[in-house]
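Thank you all for coming; I would like to walk through one structure with you, going from its sheet to its core. Please have a look at it before I go on.

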Amino acid sequence: MTPSARPQPLRSSPEPSRRVLLTTGSSDAHTWNLVHLQLFLEEHGHSVLNLGPCVPEQLLVDTARMTSPDLVVLSSVNGHGHQDGLRAARALRADRKTRTLPMVIGGLLGISPEGAATRTAELLDAGYDEVYADGTPPTALLRRLADLGGACTGRAAA
Ligand code: B12
C-alpha cells in the first residue's frame with residue numbers, strides 16, 4: 001500500500017503508537033485477515049509492517065531482527081495455525097535478538113473447537129505471550145498494545 005493510501009487515524013488516541021510486525025503461518029495463503037488487521041491497527045494509530053501470506057519462518061526472524069517491533073502478531077485462519085504458530089515461535093525464541101519480543105497469535109488456529117485447550121497450552125509453552133481463542137475480534141489487540149510496557153521508539157515499522 002502506498003503511504004498516501006494509508007488510512008488516517010480515526011481519532012487522536014491517548015495510547016502510544018506501537019510498531020506491529022504482522023505475519024501469518026508459512027502454510028497460510030489467506031490475505032484478507034491480514035489486510036483487515038493492518039487497516040484496523042493503522043486506523044487506531046499504530047504502525048504495521050504486514051509480511052503477507054505464506055511467511056517462511058526465516059523471513060519472519062530476519063525481519064524481526066531488522067525492525068525490532070513492539071509486538072509480533074501472527075494471524076492464521078486456514079486451520080494449520082497451531083503447527084505454523086509453533087514453528088514460528090520456536091524460530092523467534094531461538095534467536096538471540098528476537099527471543100524476548102512480545103508475540104501473540106489468533107484467528108482460527110485449528111479445524112474444530114476440540115483440542116483448543118491443548119493447542120493453546122502448547123503455543124503458550126512455545127513462547128507466545130497470549131493465544132486468542134478462535135473468533136476473538138481484533139479489538140483485543142488494542143488492549144494488548146495499550147498494556148505493553150516500556151518506552152516506544154515512535155519509529156515507523158514499514
Ligand atoms: C477467501 C477464502 C479463501 C481464499 C483466500 C484468498 C485470499 N487471497 O485471501 C482461498 C480460496 C485461497 C482459500 C483457500 C483455502 N481455504 Co479458505 N476461506 C476463505 C473464506 C471464504 C473467507 C476468508 C476471508 O477473507 N475473511 C475475511 C477476513 C477479513 O476475516 P477473517 O479471515 O475471519 O479474519 C478476521 C478474524 O479471524 C480475526 N483474526 C484473524 N487473525 C487474528 C489474529 C488475532 C491476534 C486476533 C485477535 C484476531 C484475528 O480478525 C480478522 C479480521 O477481522 C473463509 C470462510 C469465511 N467465510 O470466513 C475460508 C476459510 C478460512 N478457508 C478454509 C480452508 C479450509 C481453506 C483451504 C485449506 C481449502 C482447501 N482445502 O484448499 C485453503 C487453504 C490454502 C492455504 N494454503 O492457506 C477454512 C478454514 C477452516 C478452519 N480453520 O477451521 C475456512 C474457514 C472455510 C470453512 N468454513 O471451512 N480460502
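Which residue in strand 3 does valine 20 stand opposite? It is leucine 71. Before going further, please keep in mind that this is a predicted model, in which local features need pLDDT of at least 70 and side-chain atom pairs count only at pLDDT 80 or more, while totals for chains, interfaces and linings use all residues. Residues are numbered from 1 along each chain as its sequence is written.

Strands here are DSSP runs of E with at least two residues, and helices are runs of H or I with at least four, numbered from the N terminus. Five strands form an open sheet in the order 2-1-3-4-5, with parallel pairing, where two strands pair if DSSP finds at least two bridges between them. Strand 2 (47–50) and strand 5 (130–131) are at the edges with a single partner strand each, so one side of each has no neighbour in the sheet.

Strand 1 pairs with strand 3 over four bridges, and with strand 2 over four bridges as well. Leucine 22 has asparagine 50 in strand 2 as its bridge partner, whereas threonine 23 has leucine 74 in strand 3. Five of the five residues of strand 1 are buried, meaning that 20 or more other C-beta atoms, placed from the backbone, lie within 10 Å of a residue's own.

Turning to the core, the largest nonpolar one has 27 residues, among which Val72 and Val73 touch the most other members; such a core is a set of buried Ala, Val, Leu, Ile, Met, Phe, Trp, Tyr and Cys residues joined through C-beta atoms within 7 Å. Strand 3 gives the most to this core, with four residues.

Definitions and conventions
Buried ≥ 20, exposed ≤ 12 C-beta atoms within 10 Å, placed from the backbone.
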